Protein chains: 2
Amino acid sequence: MTHLLIESDANPRVKRWKRLAADARFLRREGALLIEGIHLAEVVLEHPDVKVSAVILSAGRSTNEAAGLADKLASAKGAKVYVLSDRLYDGISPVENGVGIMCEVAIPQAPADEAWTHQDALYLDGVQDSGNAGTLIRSAAAAGVRVVITSPGAACLWTPKVLRAGMGAHFSVMIIEGCPVRQLRERYAGRLLAADARGGENLFLAPDYTAQGPVCWMMGAEGPGLSDEALAATDERYWIPIAEGVESLNVAAAAAVCLFDSSRRRLLRGVEP
Amino acid sequence: MTHLLIESDANPRVKRWKRLAADARFLRREGALLIEGIHLAEVVLEHPDVKVSAVILSAGRSTNEAAGLADKLASAKGAKVYVLSDRLYDGISPVENGVGIMCEVAIPQAPADEAWTHQDALYLDGVQDSGNAGTLIRSAAAAGVRVVITSPGAACLWTPKVLRAGMGAHFSVMIIEGCPVRQLRERYAGRLLAADARGGENLFLAPDYTAQGPVCWMMGAEGPGLSDEALAATDERYWIPIAEGVESLNVAAAAAVCLFDSSRRRLLRGVEP
């Protein structure tokens, strides 16, 4: 397997990877992202649809496992393998003491409307925190929800931090970014459910809201919660009953409760997740 | 209100606060912690049992709200108010662009056995991630679980990052740190429940496990999950049903599902959270 060695800061690929690791706007414009670590590299290898254009190794730090995985990605995906001096590698990598493998991956194209509008979904309304966003994608995939949509103000879901927290779930779901509430309302064929710390029907006492077709859970950012626009667009509004004196749950914890409440209700009706 | 101005790096208080912000071992030895921000300062003001020895303001950055809160803490808690030059303040504060208020708070004493062993609880077995640990405390408090226990290898729960993620929930629960599984087993009067991604009874199909007295949910770290010792000590082992192809949930998401499953079951029996 040919490995291409890069040792110069001036190398245009190195400059590009640095920007991909740090600049969400650039990443979106280029339609490419960087993943780091063995686990995510294995995940993209397993998903035939995911395109990998480059594998980036560290001259001094890449483990044998990382190098073996690079060879597999080269033969399965046609990825080119680049070996960077440790200093250059560390200038790109967001992880300290990593195992020494990154991949440049094409951002999967947003699906056509028919593919997602009739399925259960999760809508992130202005959720900004990267760690939460990644955990939310992971919880959605685990709950069998294969569509994750963000509002225009929400975090970019393809940054290294969100990808890390997502633990590979990004590649098991369809992701639609920057979809305003009114577009969601127009295009989504199911019901929109608001999770709202300020009020609504008690989630645990409510009748089965999953029995009449697909539902989309809408979650707001920490602090403000769902926007007025999102609240106005929802079909039903639910409240997770929490102990007195406690203000609210973390958004990723609240979403896990809501998504798995739906899961539980379907399971009790005999529907597999 | 007298404000004491500090401008020198050599000031022993400044040195102490720097270590409290950065060094979990020092923090435990001193029995003191630093909180940052308006919200946490308001929370400690509301809790009469919490002792505040010092309020730390920033000469250039503290808002009027922060200064007003400092005065209230001084009169309600007898806290001394210190004003630091911005450079000194930023050298301690873990938050960029904060509002300019920190407090030195005494770590609440671990409760006597009688106070916690007959209540619902959450046990964190080796959970290391600070953000997750804080979210776990917040979810426990929200679910009405007022006892949070950690194993010896888990994160210190009183560091600035855990406190931030906890959003004040630390002061609504009893915290017992460094309790080995065998001690928990000996002292805890209820049943120990394992949340295990590898197997166990389906959580959503299980009979009501909350009807026979208090329960303690045991959660393991990301990756390894519960230790063999913890698994051996549990009375019951549950599995959150997740979609095929997905390995596991984030520990804070999994805990939210388990804690609120207990909440829901109690609610259906007519027990308030």
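A: In this predicted model, A:Arg28 forms a salt bridge with A:Glu177, and their closest N and O atoms are 3.4 Å apart; the term denotes a side-chain nitrogen of Lys or Arg within 4 Å of a carboxyl oxygen of Asp or Glu. Across the interface of domain 1 and domain 2 of chain A, the rule finds 1 salt bridge. The count of residue pairs in polar contact between these domains is 3, with both residues at pLDDT 80 or more; such a contact is a pair of N or O atoms within 3.5 Å, where within protein one must be able to donate a hydrogen and the other to accept it, and residues adjacent in sequence count only if both atoms are side-chain atoms.

On the side of domain 1 of chain A that touches domain 2 of chain A, at least two residues each come from α1 (12-22), α2 (24-30), β2 (32-36) and α3 (38-46) of chain A. Helices (H or I, at least four residues) and strands (E, at least two) are DSSP runs, numbered from the N terminus. The largest share of that side, 4 residues, is supplied by α3(A).

The assignment for chain A places domain 1 at 3-106 and domain 2 at 113-268, the bounds coming from an automatic or database domain assignment. The C-alpha centres of the two domains of chain A lie 31 Å apart. In contact are 17 residues of domain 1 and 12 residues of domain 2 of chain A, contact meaning heavy atoms within 4.5 Å. Between these domains about 1,100 Å² is buried, 73% of it from carbon and sulfur atoms; buried area is the accessible area (1.4 Å probe) that two parts lose on being put together, summed over both. A:Arg28, together with A:Leu33 and A:Leu40, supplies 33% of the area that domain 1 of chain A buries against domain 2 of chain A, more than any other three residues.

Turning to the chains, 32 residues of chain A are in contact with 31 residues of chain B. The area buried between chain A and chain B is about 2,600 Å², with 67% given by carbon and sulfur atoms. In chain A, the residues that lose the most area to chain B are A:Arg138, A:Phe204 and A:Phe260, together 22% of what that side buries. Between the chains the count is 2 salt bridges. One of them joins B:Glu222 and A:Arg138, whose closest N and O atoms are 3.0 Å apart. There are also 8 residue pairs in polar contact between chain A and chain B, both residues being at pLDDT 80 or more. On the side of chain A that touches chain B, α7 (130-142) and α11 (251-268) of chain A each supply at least two residues, and α11(A) gives the most, with 9 residues. The residues of this side of chain A divide into 17 nonpolar, 8 polar and 7 charged.

Residues are numbered from 1 along each chain as its sequence is written, and chains are lettered from A and ligands numbered from 1 in the order in which they are written. Local features need pLDDT of at least 70, side-chain atom pairs count only at pLDDT 80 or more, and totals for chains, interfaces and linings use all residues, while side-chain values use heavy atoms, with hydrogens and water left out.

Terms used. Nonpolar A, V, L, I, M, F, W, Y, C, P; charged D, E, K, R; others polar.
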